[in-house]
Amino acid sequence: MSKIYVIHENSEWTTHLTKRLEELQLPYEEWHLDNGIVDLTEAPPEGVFYSRMSASSHTRGHRYAPELTEGVLAWLEEHDRTVFNGTRALRLELSKINQYTALRKQGITVPKTIAAIGRENILAAAEKIGTGSFITKHNRAGKGLGVQLFHSIEGLKQYLDGAAFEEPVDGITLIQEYIKAPEPFITRCEFVGGKFVYAVQVDTSEGFELCPADACQIGDLFCPVGEEVEEKPKFRIVEGVEGPIIEKYEQFLKANQITVAGIEFIRNEKGEIFTYDVNTNTNYNSDAEKAAGKYGMLELAKFLGAQLKTTEAVR
């Protein structure tokens, strides 16, 4: 019997999906690719395959899970299996350089960014970027890895020479212009089946938590820090995020063979939108979803179920 295969390396982020699959009584199997083999002499099983491989896998001791996943996805695609978030999506998940070039190709504005390897080149990139304030981040990231805000080259020098500096897993550090927002929040747009589901506003007044599903906190120097505010939800699903930017995002996803993703943007003081992150291993915040009555994993499970039914019908 064909089934839904969920490819991942983090059960904590996947259980929310498998619970929904079970609620809908859909057959599924997890492929946890922190280790394994790819037998190129055999054909893959029949079914629908969905990859949730994460760029931050190495922080959980799964250093080579993405490389193994790429091999598995190539094997599946060779045999014309139905694959969602396949090799092209994984390529973008593992490299912000690839994300930004792909976004720019679709006419989507990204912050000015320079990539560098080595201390001296990182400093040279910071000098070249020509902005008073700038941030660093890892090229292969997730969970806000390596994100720091600097207001001077001297501050960057101290960071690079200090114990706090995090060496990127691929060696590439990004220097990026700092986008100052008039209000302390960013917006994350969620897509399933390549179509917009909802937008969630993330409060950054106490620092920037990139991952809606778990406590991946980073330093409080990344996003603009506003005045003290009354306690409110950190994640809140909002209406009114639509129009040209959503259309561009959907076109971007289609062009890059990405089915499921969360895309994050920030507005500057002029109201201009800068897109800075694409998460093909997207997670959802349960409190925000409950308050709004919208559920990303449920929509994803329904989508995978419908695709499984379609696949079985043409066999």
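Guide: Let's start with R188 and E190, whose side chains meet in a salt bridge, 2.7 Å from N to O (that is, a side-chain nitrogen of Lys or Arg within 4 Å of a carboxyl oxygen of Asp or Glu). One thing to keep in mind: this is a predicted model, where local features need pLDDT of at least 70, side-chain atom pairs count only at pLDDT 80 or more, and totals for chains, interfaces and linings use all residues. Residues are numbered from 1 along each chain as its sequence is written, and side-chain values use heavy atoms, with hydrogens and water left out.

Back to the pair: R188 is buried, at 3% relative accessible area, and E190 is buried too, at 1%. Here buried means under 20% relative accessible area, exposed means over 50%, and partly exposed is in between, using a 1.4 Å probe and protein chains only.

Now for R119 and E120, whose side chains also form a salt bridge, at 2.7 Å from N to O. R119 is partly exposed, with a relative accessible area of 31%, while E120 comes out as exposed at 53%.

Then there's E67, which bridges to R63 with the closest N and O atoms 3.2 Å apart. Both ends are partly exposed: E67 has 35% relative accessibility, and R63 has 28%.
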